[in-house]
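Here is a briefing on a structure, grouped by topic. Please keep the sequence and the 3D view open while reading.

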Amino acid sequence: MRRYIWIILILVVGCAPWTQVGGLYKNESYNFSVELPQGWMRWNKGEHLFITRDGVSLQYIQIGRTKIEDPLKHTKKKFSKGMLPQEAAEVYLDNIASNSNILNLEVIENTPATINGIPGFKAVYTHKNKDGLKLKSIHYGFMVGDWFYSINYHAAQRYYFEKDLKAFERVVESFKLIKTA
Amino acid sequence: MKFIGFVFLLCFALAGCATTSLPPVTQDFRFEEDEKRLWLRSEEEQKVINRSGVIYRDKELEVYLNEIAKKLQPPEVFTHIPFKVIVIKNHLLNAFIYPNGVLYIHTGILAKMDNEAQLSTLLAHEMTHATHRHLVKLFRDIKNKTAFLSTVSVTLGGVGGGIGELATLIGALGTLGSVTGYSRELETEADMEGLKLMVKAGYDPEEAPKLFTHLKKGIEEEKKKEPFFFGTHPRLQERVENYENFLKGQYKDKRGGTMNSEIFLEKIHKVILDNSRLDLKAGRFNIAERGIEKYLTIKPNDPKAHCFLGEIYRQKAEKGDLEKAKGYYQKAISIDPSYPDAHKGMGFIYFKQGEKGLAKKSLGQYLSLSPQAMDKAYIEEYIKQCNEGEKP
């Protein structure tokens with residue numbers, strides 16, 4: 001009987017959508033590794049990395065990648081190989097600006113940035129959601145081969161944004177591509 | 001228990017039987033209970049829209065649009081329904097009115113109009129929906145109202161192009177009027193009464209079908225797929241046919257009237273430019289270009305517009321586009337050498353083409369004209385690379 005309970009427990013834990021994380025995290029299918037902050041929860045569905053500490057409406061960090069030639073959701077513009085980081089930032093931010101869910105968008109910063117030695121961009125903006133909550137986001141983006149990578153931090157502007165900003169910057173600093181070829 | 005059941009059935013039956021034959025607001029009347037509730041709900045939905053950041057802020061334009069609205073209705077109607085026109089920053093061909101007279105018009109449809117007579121056609125059509133109490137009539141026709149209201153936005157959630165999100169934002173009543181439209185009969189009434197209003201205000205009735213023919217041609221050429229009433233081919237065709245029939249019938253001797261094209265275009269020129277910006281952000285290059293070409297007919301010597309055409313071609317970057325872009329940037333510089341963005345555009349293209357000396361000069365000029373530019377760090381980096389003689 002006890003053996004069955006253990007099997008059920010293992011299965012239940014294995015299927016849980018959220019797992020507590022911390023330390024080195026490797027995502028072989030997306031070809032990157034990062035150091036995750038202690039005590040955050042990772043969403044197990046989907047291949048991109050998605051973590052939060054207090055809940056997704058309060059803050060989250062997301063790392064993902066898309067094929068350069070893939071269409072974007074809100075703009076017909078596309079990334080293309082050989083784009084300068086500023087051009088990539090332009091496409092990326094226009095995709096956000098064309099999203100009707102993003103209200104009162106205000107871009108505060110759009111500057112060059114280097115991520116794992118690769119030239120890219122850093123964009124910071126604020127916006128409101130439909131409930132009127134003001135949110136602040138930082139997006140790092142860069143292109144490698146056929147892929148566009150983004151590392152995003154998204155939090156309620158009041159209290160939460162500043163609280164976890166350092167944790168996010170440490171994640172960005174620790175970001176490494178597993179295979180660089 | 002039986003009694004409660006009976007009362008419930010009675011209420012249901014009465015609600016189902018509520019009349020859809022309501023006199024227009026132009027006569028002596030009183031609002032009915034369900035109508036008052038619709039007004040309250042309208043106010044709630046408007047609060048969400050107004051604080052969302054989608055409102056296009058231009059005081060002068062707002063005053064102008066509301067003056068046109070005032071010409072269309074007698075003052076006694078305004079005492080019952082305080083009409084107010086508000087512009088929404090959105091590229092879609094859409095306009096809708098709430099029963100309390102608050103009329104939202106998208107920059108997308110406003111930018112496509114040519115004159116005040118066309119504007120008055122649209123305003124008068126929408127205002128008739130309010131004065132003739134079409135939403136209450138429609139609402140009384142729908143049996144399961146609550147379920148309907150809660151599913152309107154959800155259903156539209158699956159529609160692409162940000163339309164689902166927009167529908168959620170404008171609320172169920174706004175969506176009802178702007179997406180599904182009213183019955184053919186009520187829309188025809190809005191066309192007919194609207195035409196009467198615009199003619200009474202002195203506008204040229206021949207402009208009424210032209211507006212919708214123009215919109216229809218636009219969606220055909222651009223192969224646009226929009227769910228909104230004024231962006232849907234069959235609904236526009238209905239409008240064209242209705243107005244043409246009225247012109248052949250009771251208005252056959254009524255030709256000529258005010259168009260006020262110049263005043264109108266002067267008042268909306270910023271809308272055309274800003275709407276083209278939205279189109280460019282969304283990657284609708286051809287539509288953005290058409291918008292700017294229209295803008296240039298109003299402001300032919302505006303360096304912003306020439307530079308903007310340069311931006312369209314630079315970002316589209318198809319064969320031969322970069323040379324076209326350079327031409328537009330140069331034109332902007334020839335009109336106003338102190339307009340910074342044109343220098344940046346030139347510098348950007350030179351930089352990508354490996355013309356380091358020219359790139360450095362243009363980018364340097366941009367920074368000297370716009371020392372606090374947000375993209376200063378990028379530009380300094382390009383200049384540094386030019387100095388180092390590195391290839392981009």
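A residue is buried if 20 or more other C-beta atoms lie within 10 Å of its own, exposed if 12 or fewer, and partly exposed in between, with C-beta atoms placed from the backbone. N260(B), with 18 other C-beta atoms within 10 Å, is therefore partly exposed.

This is a predicted model, in which local features need pLDDT of at least 70, side-chain atom pairs count only at pLDDT 80 or more, and totals for chains, interfaces and linings use all residues. Residues are numbered from 1 along each chain as its sequence is written, while chains are lettered from A and ligands numbered from 1 in the order in which they are written. Helices (H or I, at least four residues) and strands (E, at least two) are DSSP runs, numbered from the N terminus.

**Positive phi**

- Most residues other than glycine have a negative phi, and most peptide bonds are trans.
- N260(B) is not a glycine, yet its phi is positive, near 50°.
- N260(B) sits in the loop between helix 12 (233–248) and helix 13 (261–281) of chain B.
- N104(A), also not a glycine, has a positive phi of about 55°.
- N104(A) belongs to strand 5 of chain A.
- N104(A) counts as partly exposed because it has 15 C-beta neighbours inside 10 Å.

**Chain A hairpins**

- Two strands pair if DSSP finds at least two bridges between them.
- Strand 5 (residues 103–115) and strand 6 (residues 118–128) of chain A pair in the antiparallel sense over ten bridges.
- N110(A) stands opposite A123(A) of strand 6 of chain A.
- These strands form a hairpin with two residues between them, and N116(A) in the turn has a positive phi of about 55°.
- Strand 6 of chain A also pairs with strand 7 (residues 134–144) of chain A, antiparallel, over nine bridges.
- K128(A) has K134(A) in strand 7 of chain A as its bridge partner.
- Here the hairpin has five residues between its strands, and G132(A) in the turn has a positive phi of about 90°.

**Chain B sheet**

- Three strands of chain B form an open sheet in the order 1-3-2, with mixed pairing.
- Strand 1 (84–88) and strand 2 (95–97) of chain B are the edge strands, each pairing on one side only.
- Neighbouring strands of this sheet are turned by 20° against each other on average, direction ignored.
- Strand 2 and strand 3 (residues 102–106) of chain B pair in the antiparallel sense over three bridges.
- F96(B) has Y104(B) in strand 3 of chain B as its bridge partner.

**Helix pair in chain B**

- Axes are lines fitted to C-alpha atoms, for helices over the stretch in contact, and angles run from 0 to 180 degrees between N-to-C directions.
- The axes of helix 14 (residues 285–298) and helix 15 (residues 303–316) of chain B come within 10 Å and cross at roughly 165°.
- Helix 14 and helix 15 of chain B are therefore roughly antiparallel (under 35 degrees is roughly parallel, over 145 roughly antiparallel, 65 to 115 roughly perpendicular, the rest oblique).

**Contact between the chains**

- Two residues are in contact if their C-beta atoms, placed from the backbone, lie within 7 Å.
- Chain B gives 19 residues to the contact, and chain A gives 19 residues.
- On the side of chain B that touches chain A, helix 9 (163–180) and helix 19 (376–388) of chain B are the elements that give two or more residues.
- Helix 9 of chain B supplies the largest share of that side, four residues.
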